[in-house]
Amino acid sequence: MISVMVVDDNPVVQMGLVALLETADDLKVVATARDGRQAIDVARQLRPDVVLLDVRMPDVDGIRAAGPLSAISRVLMLSYNEDPASIRDSIQAGACGYLVHGSFSPDDLVTAIRDVVAGRANPLSAVAARVVVESLQSRPGGPPAGCGGLGLSTREVEVMRLITQGRSNVEIAGELVLSEKTVKNHVSRIYAKLGVRTRAAAIARWLGTANS
């Protein structure tokens, strides 16, 4: 059973997420919180497997809470906020993924939670990936680091571009006509070259959002 904490200051959104997650046999909502400070206190006590974390909240917001929470649990951002800085800062703070409300279905969310806990993927909504890329491409200094110079092979670049679109290893294998094992090997080499350990960190490094 995967234990989940839902953190959102909007009671309607919070209740909706709880009701949705309770339909999955392998998910159990063990707690809710209305802001980052309360979420950190509760997480330290209950240590849930994953925290679904809103960005904009009173007192301590989701970005400030993501760091302390990620030291305890997996953190998956769920927000209406498409601001590139918020997406970038959330990932840098330790979030495993960033999903924008309206861009995923209930089944997508359940799958994303399972994948995050199992370490199979770090979900990033296509909307979130797009706004980050557009922001970085338009800033002074040229295109993001992901456009080259990181020592990746041509095939690894193809894999990395699909990772930034939120694709799983199975989906990447289908897209590139490779075996899933081959994709996993490519992903491992990408992590080594980028100096990261997670999909979200790889995306941040690739898009030029990680601190040097």
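**Close-up views of a predicted model**

**View 1. Helix α2 meets helix α3.** Gly36, Ala39, Ile40 and Ala43 of α2 touch Ala65, Pro68 and Leu69 of α3. Contact here means heavy atoms within 4.5 Å. Helices (H or I, at least four residues) and strands (E, at least two) are DSSP runs, numbered from the N terminus. By class, this contact has six nonpolar residues, one polar and no charged. Nonpolar covers Ala, Val, Leu, Ile, Met, Phe, Trp, Tyr, Cys and Pro; charged covers Asp, Glu, Lys and Arg; the others, Gly among them, are polar. The axes of α2 (residues 36-46) and α3 (residues 62-70) come within 9 Å and cross at roughly 10 degrees. α2 is therefore roughly parallel to α3. Axes are lines fitted to C-alpha atoms, for helices over the stretch in contact, and angles run from 0 to 180 degrees between N-to-C directions. Under 35 degrees counts as roughly parallel, over 145 as roughly antiparallel, 65 to 115 as roughly perpendicular, and the rest as oblique.

The model is predicted: local features need pLDDT of at least 70, side-chain atom pairs count only at pLDDT 80 or more, and totals for chains, interfaces and linings use all residues. Residues are numbered from 1 along each chain as its sequence is written, and side-chain values use heavy atoms, with hydrogens and water left out.

**View 2. Helix α8 packs on helix α9.** The axes of α8 (residues 169-176) and α9 (residues 180-194) lie 9 Å apart, at an angle of about 110 degrees. So α8 is roughly perpendicular to α9. Asn169, Val170, Ile172 and Ala173 of α8 make the contact with Glu180, Val183, Lys184 and Val187 of α9. Five of these residues are nonpolar, one is polar and two are charged.

**View 3. The largest pocket.** Its volume is about 360 Å³. A pocket is an open set of points on a 1 Å grid over the protein atoms alone, where a 1.4 Å probe fits, with protein on both sides within 12 Å along at least five of seven lines; lining residues have an atom within 4 Å of a point. Grid points are joined across faces, edges and corners, and the volume is the space filled by probe spheres set on the points. The lining has 17 residues, with Asp108, Ala112, Pro123, Gly166 and Glu171 nearest the pocket centre. Helix α5 (residues 106-118) gives the largest share, five residues.
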